[in-house]
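Work through the exercises below with the structure open.

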Amino acid sequence: MSAAVRPLCDLTRRSFLGDVTTALGGVGLLHLLSGSALGESSTWQPGQGQTHHPAKAKRVLQIFCPGAASHMDLWEHKPALEKYHGQPLPGEEDMVSFQGKNGNLMKSPWAFERSGQTGKPISSMLPNMARHVDDIAFLHGMHSKTNTHGPGCVFMNTGHATEGFPSAGAWISYALGSENQNLPTYVAISDLRGEPPNGKANWSNGFLPARHQGLMMSDQKPIRNLARPESVTPAEELAARDLLQQLNQRFASSHPANSDLQARLAAYELAARMQMSAPEVADLSRESDVVHELYATRDPNHLKAAYGRNCLLARRLLERGVRYVNLYCASRASGVDGLLNWDAHKTLKADYERHCPIFDQPTAALLTDLKRTGLLDDTLVLWTTEFGRMPTHQAGTAGRDHNPDGFTCWMMGAGVRGGVSHGATDEFGRRAEQHPTTVWDFYATVLHLLGYDHERLTWYHNGLDRRLTDVHGNVIKEVLG
Amino acid sequence: MRFFSPWHVLFLLAVMLISAASPNLAGAQNASVDFERDIAPVIQTHCIRCHHPGNPKGDVSLATADDLTENGYLIAGDPDSSHLIELILADDDGEAEMPKDGKALSIEQTALIRRWIDQGAKWPDAVIVREKPKADASWWALQPLAADTDRTIDDYVSAQLAEHGLELSPRADRRTLIRRVTYDLTGLPPTPEQVQAFVDDPDPQAYEKLVDQLLQSPRYGERWGRHWLDVVRFGESNGFERNVIINDLWPFRDYVIRSINADKPFDQFIREHIAGDVIAPDNPDVAVGSAFLVAGPYDDVGNQDPVQAAQIRANTLDEIIRATSEAFLGLTVGCARCHDHKFDPITQEDYYGLYASFAGIRHGSVPLATPQEKHERSQSLEPLEKQKRDIEKQLGALDKQILQRANSQREAFQQGWTRPPVDRTGTEETFDPVNAKFVRLVCLSQDGNPNAANGFRIDEMEVWSDGPDPRNVALARNGGKATGPARQIEDFPDAYGPQLAIDGKAGARFIATGNHLTIELEQPTIIRRVIFSSARGESNPDHSKFRFVAEYRIEVSEDGETWKQIASGDDRQPIDQQAFLEHRLRRLATSEEDRQARASLQKELNQIKQEIAKVPPLPSAWIGRRVPADAKGPFHVFLGGSPQKKGPVVVPSSLSALDRAANSAHQPMAGEDLVSTGSSRLAEGPKESPQKPDAAYRLEPGTEEAERRLALANWLVHPNNPLTPRVLANRLWHYHFGTGIVDTPSDFGFMGGRPTHPELLDLLAIRLQENGWHLKKLHRQILLSATYRQSSGYRPDAAKIDADARLLWRFPPRRLSAEEIRDTILQISGKLDLTPGGPGFRLYHFMQDNVCTYVPLDEHGPETYRRAVYHQNARASVVDLMTDFDQPDCAFSTPRRAETTTPLQALTMLNHQFTLDMADALAKRLESDSGNQLDGQIERAYALCYARSPTQTERQACRELARSHGLSALCRVLLNSSELIYLH
């Protein structure tokens with residue numbers, strides 16, 4: 001046989017989204033051709049909990065604020081904006097960006113306050129988040145390659161600005177597999193206000209097998225098709241499943257070589273276990289009043305309460321071994337920009353005075369809770385957005401336009417050195433200047449913390465061994481603990 | 001323009017150079033150094049991977065001499081001052097700064113480079129050093145087709161099996177065979193009657209007859225059309241941020257199905273994909289083929305930033321280039337966007353030659369009609385349009401007359417305008433105290449458009465009570481309730497709702513779609529003041545985000561039915577713009593007579609407009625626009641893929657790697673000389689190949705956009721191009737057997753699979769050409785082979801040698817595709833609606849608020865009971881059964897479906913209402929087909945689902961469930977069974 005006959009990565013271990021055999025083995029061809037498999041020992045198998053090197057993190061919580069949350073109004077203090085407020089941005093007086101012309105420099109509408117032991121200045125709009133700064137490693141030198149929300153979000157989630165690539169969560173699901181066999185490996189929690197820009201492409205499995213897709217659930221929307229239909233009685237369900245099991249078992253036995261048929265039997269069993277486990281995870285009533293208070297789940301601001309409930313759900317999922325939780329705070333670009341997400345083109349002050357209170361308390365509560373329960377020790381927390389905003393105001397408005405050239409993301413938890421601010425934009429916040437970092441560096445670091453060499457985690461697709469980090473990426477050593 | 005001689009394209013020479021690179025090493029100190037012979041190979045082997053143009057990692061490029069000399073790396077005649085030498089010289093430990101990721105150059109090599117610099121560092125202009133791809137022009141897939149055409153499919157398969165000590169399995173039984181071939185050709189199960197007739201047919205040619213029947217079935221085009229739609233990444237929304245649904249791409253889907261059913265020669269079909277609009281501009285049935293170009297995703301968000309806009313445009317063309325090269329050539333040309341392909345012999349010039357070919361394409365709908373249809377429409381429209389113009393003229397005259405009258409009274413009017421104009425940051429009305437249960441703001445004219453009374457926004461409206469302790473009684477927390485037609489978002493109700501005007505916060509606003517905002521107070525209250533705004537506290541209130549009322553009335557009511565005006569803006573100055581001034585003046589000067597005259601004209605106008613709307617529009621289709629201005633060159637290589645870094649000029653041309661194959665392949669068939677048809681102007685070929693290949697082309701820069709695509713289309717299917725028929729033949733084999741002879745059907749390059757049966761593949765490709773590119777003949781040849789007709793039975797001894805049966809010692813079993821599963825369930829339940837063609841149905845609810853959201857449906861009505869190929873497949877939408885069973889998101893071409901097994905499939909198949917509905921339908925069908933005898937019903941169910949009878953045990957088990965829980969419960973189980981969705 002020629003080298004074209006590709007070994008199937010036939011997984012034997014059962015996991016929620018899949019025990020699954022697949023007809024498409026995409027393990028990096030070059031590695032196979034060159035005779036060296038992914039791991040040093042050449043026994044590395046995807047989906048078995050194995051890593052390339054010892055891992056610091058076992059699971060990931062990624063909080064995503066779509067709409068391009070402004071770095072200079074939340075995380076990266078720019079005193080120069082106060083000093084030069086109303087004056088032109090030197091060298092870019094006639095700048096044309098995403099929505100058009102820009103005006104002069106505009107200071108942040110809010111003061112920054114020094115916080116924590118490190119004295120890190122944080123926007124006074126985030127008083128609760130400010131309490132966590134000593135545990136956070138800020139990346140102030142992030143820059144993107146697109147200034148458009150959809151491609152930007154997809155880029156931030158998949159390492160590629162076009163659709164069709166697997167998101168980070170899908171890569172982790174593929175690499176690591178499941179920790180809890182009765183729950184999905186990867187969950188995407190979208191906001192009450194709707195899906196983020198580019199919607200489901202943000203938690204897509206791309207060309208990885210379907211079991212690696214992020215499963216959608218939130219406090220407001222349970223997993224689809226989870227519940228037994230009301231018209232089917234429990235007795236009927238039991239009898240039906242019993243017969244089904246018999247029929248499928250008989251068919252599988254008569255085709256012993258077809259492992260898919262065994263996988264199907266297992267899939268039905270797993271589905272049944274999932275039907276029991278998932279409602280328990282989603283049942284927030286089991287939490288104490290103190291916890292509800294902490295997360296603001298009963299806040300009169302229904303958007304804040306909804307997000308708070310999703311934060312609490314995220315904690316419950318992580319606690320039960322879900323590997324990757326994508327938690328969204330805000331949604332897409334609506335008919336009025338800045339209304340449903342962080343895209344404050346025209347009315348920065350009013351927009352962020354709506355969004356910050358929704359985000360601040362519940363997120364901070366979630367972090368506190370992860371710390372309290374010890375989950376933070378092996379959970380990596382990421383805060384991301386697709387790009388930043390301009391230091392100038394958009395011509396004729398009191399808002400900021402898209403800025404792909406500089407923005408902030410941060411990490412916290414397992415293996416991350418807290419209290420670090422790595423990289424910086426220039427004095428106005430226009431461009432990443434000191435230690436610029438990319439999405440690829442970001443995920444090279446994430447994968448490193450999870451025990452993977454980002455250059456060796458690959459999947460063959462349409463002519464290339466594809467990676468989460470494309471053909472780029474360096475581990476950001478400065479944020480490692 | 002100068003044509004560079006891309007160094008690695010001189011393959012034979014390059015190979016010779018590499019292997020002969022050493023002789024000079026040991027040569028005399030003073031021997032003359034030849035760049036191409038001595039230096040280029042060193043650079044190619046050790047440097048160029050990082051140091052190529054446009055690679056920021058590489059810093060400096062070693063592709064040509066320019067960078068090196070400009071940056072002082074190289075000073076001709078002075079090796080000691082040349083920085084390059086410093087970088088490559090090894091230190092005492094044998095380590096050098098460069099090459100960074102490899103061993104230091106040998107002493108001989110550095111000495112040679114020294115001498116070359118010393119001798120003047122001559123680097124011929126035309127030589128560019130490029131990285132050598134892993135595969136060169138001698139790559140198997142690029143060679144001319146070659147097979148022994150006296151041998152058959154079975155000869156080839158059996159011979160290879162024999163080499164491994166294997167043989168074909170015995171023939172499958174008829175029951176298995178009819179199920180296999182019916183699904184294969186139609187995507188549907190055979191009916192029990194068809195199965196029985198076939199099993200009982202005494203004719204030894206029964207199978208041949210069956211195959212012929214199935215190939216004639218219209219269901220065949222639906223099944224194989226679906227395969228093709230996967231390959232051409234057909235999707236009916238544009239993807240990216242807005243992901244707007246596309247409602248007129250279905251004519252392309254119908255075209256594909258129609259063409260495949262008609263067995264249109266596939267070379268013609270491919271030519272129509274690239275240039276249907278050029279080949280037959282007046283024939284919509286052909287022109288629609290070119291919708292292929294724009295059937296992929298693209299970013300339609302307007303971007304004012306010119307650098308980003310250029311990048312997005314390049315991404316859009318990249319998508320077309322990839323789709324084209326992968327679908328037809330099985331080459332991943334897209335990899336040559338930023339640098340020469342690292343694996344396959346595809347240069348950046350090749351890539352940008354295609355870029356130039358597609359540069360005139362823009363996504364979008366265009367009317368697609370015959371000249372007759374166009375003529376008829378303009379004939380019916382002409383008189384109506386004329387009437388419309390006449391009435392509009394009369395209306396204009398009337399308005400002008402009113403305005404003239406108004407202007408004569410202008411001063412009198414103006415005296416009444418004592419107050420300042422409306423103010424977006426706060427407009428206040430005080431009035432005599434009045435009792436009110438309801439207060440409303442009525443908009444007469446909006447401040448962005450004087451002729452519109454809607455579209456205004458209100459961030460807050462306050463209503464203050466009279467008395468010593470005034471309260472804002474409008475506030476929700478004081479019991480106020482706001483109503484008024486508002487813009488809606490389905491999945492986020494109240495995003496722009498009237499409640500925002502009484503929430504005490506100014507940040508979000510009510511957006512009116514009607515002409516009023518009404519506030520109901522908790523109880524009747526004496527009020528005396530109202531304040532309303534759209535930009536309260538804003539420093540830049542002029543932005544259109546804050547559209548406001550320009551002319552208005554405030555009215556109150558005690559019962560919500562009879563209203564009394566208590567204030568208006570009529571005594572304010574109008575907004576300081578001519579249009580608003582005129583609007584006010586006209587309103588004031590309009591007499592009752594004017595009003596009636598105007599109303600009557602308006603009525604006539606509306607009638608005419610309605611009649612115009614009744615004239616059926618020309619059919620339109622999403623084939624994209626052709627924009628000659630975009631196609632105007634010159635076109636450049638983009639270094640590193642960046643439109644901001646322009647490299648050498650390119651012209652539309654065929655792929656260089658195929659020149660050799662195309663040159664030496666068998667001659668075109670009689671009467672065919674495709675490339676030189678039309679008026680394609682062939683430019684002089686590249687210097688290094690004086691013998692012009694008859695299939696290859698290189699067009700003059702000024703060649704028309706249409707001709708470029710025509711040249712490409714002709715080249716793709718030129719008889720001397722071996723790739724296209726090879727790739728197509730492999731696709732056929734792939735769909736028949738589950739895996740192709742090459743198991744990466746869209747990648748015949750180095751990273752793709754190698755053919756298990758190379759000569760068989762060529763045989764199929766040659767047959768395809770001989771058959772006049774008619775697929776049905778080739779299907780027939782494959783389907784009648786013993787290889788196809790053999791059993792899928794498992795043989796452990798054979799499996800030990802070839803577990804996946806790539807050598808085909810058995811027919812490989814497979815799971816049904818998502819479409820087959822849904823179609824099967826509908827067919828056996830008796831619900832399948834076979835209506836072909838037309839707009840697709842949707843299994844999601846579509847919502848749009850700037851961007852679009854697709855929410856899967858909880859119930860599937862009868863309008864969805866059509867074949868799944870007619871589903872309107874939007875990108876990035878997840879639709880239960882279809883997605884669960886691996887229907888791909890069409891972001892990319894899908895040459896091969898995944899086949900996964902997940903618990904989500906179980907959840908959907910057990911619990912979605914569709915399964916329950918179909919289980920009920922199947923139960924009803926069983927009752928109606930087989931009467932009320934349970935055993936008969938079970939027998940019938942097994943025939944429908946599995947084309948067989950139940951065993952005694954199965955019958956007993958089914959009986960028990962049906963007796964305790966009803967026939968539907970049994971049907972739900974059968975629909976979930978593995979046997980239903982696996983094929984042997």
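Two residues are in contact if their C-beta atoms, placed from the backbone, lie within 7 Å. The model is predicted.

**Exercise 1. Describe the side of chain B that touches chain A.**

Step 1. Count the residues: 85 residues of chain B are in contact with 90 residues of chain A.

Step 2. List the elements of chain B that give two or more residues to this side: helix 14 (306–329), strand 19 (851–856), helix 30 (903–911), helix 33 (952–965), helix 34 (967–976) and helix 35 (978–981).

Step 3. Find the largest share. Helix 30 of chain B supplies it, with seven residues.

Step 4. Sort the residues on the chain B side by class: 30 are nonpolar, 31 polar and 24 charged.

**Exercise 2. Locate the domains of chain B, then examine how domain 2 of chain B meets domain 5 of chain B.**

Step 1. Read the domain assignment of chain B. Domain 1 covers 5–128, domain 2 covers 153–213 + 723–801, domain 3 covers 265–366 + 627–716, domain 4 covers 418–572 and domain 5 covers 914–983.

Step 2. Take the separation: the C-alpha centres of domain 2 of chain B and domain 5 of chain B are 32 Å apart.

Step 3. Count the contacting residues. Domain 2 of chain B contributes eight, and domain 5 of chain B contributes five.

Step 4. Identify the elements on the domain 2 side that give two or more residues: helix 7 (174–186) and helix 8 (192–200) of chain B. The largest share, four residues, belongs to helix 7 of chain B.

Step 5. Sort the domain 2 side by class: five residues are nonpolar, no residues are polar and three are charged.

**Exercise 3. How do helix 23 and helix 25 of chain B pack?**

Step 1. Take the geometry. Helix 23 (residues 723–737) of chain B and helix 25 (residues 775–783) of chain B pack at an angle of about 45 degrees, and their axes are 11 Å apart.

Step 2. Name the orientation. Angles under 35 degrees count as roughly parallel, and 65 to 115 as roughly perpendicular. Helix 23 of chain B and helix 25 of chain B are therefore oblique to each other.

Step 3. List the residues that make the contact. Helix 23 of chain B provides Leu732(B), Trp733(B) and His736(B), while helix 25 of chain B provides Leu775(B), Leu778(B), His779(B) and Ile782(B). By class, five of the contact residues are nonpolar, two polar and no residues are charged.

**Exercise 4. Describe the packing of helix 31 of chain B with helix 34 of chain B.**

Step 1. Take the geometry. Helix 31 (residues 913–930) of chain B and helix 34 of chain B pack at about 115 degrees, with axes 8 Å apart.

Step 2. List contact residues. Among them are Leu916(B), Ala919(B) and Leu922(B) of helix 31 of chain B, and Leu967(B), Cys971(B) and Leu975(B) of helix 34 of chain B.

Step 3. Sort the contact by class: nine residues are nonpolar, two polar and two charged.

**Exercise 5. Where does pLDDT stay under 50 in chain B?**

Step 1. Take the scores: the model has ipTM 0.84 and pTM 0.87, and the mean pLDDT of chain B is 90.

Step 2. Find the stretches. In chain B, pLDDT stays under 50 over residues 1–27 and over residues 664–693.

Technical notes:
Residues numbered from 1 in each chain as written. Chains lettered and ligands numbered in written order. Predicted model: local features only at pLDDT ≥ 70, side-chain atom pairs only at ≥ 80, totals over all residues. Nonpolar A, V, L, I, M, F, W, Y, C, P; charged D, E, K, R; others polar. Domains from an automatic or database assignment. pLDDT = per-residue confidence, 0-100. Axes fitted to C-alpha atoms, helices over the stretch in contact; angles between N-to-C directions. Parallel < 35°, antiparallel > 145°, perpendicular 65-115°, else oblique.
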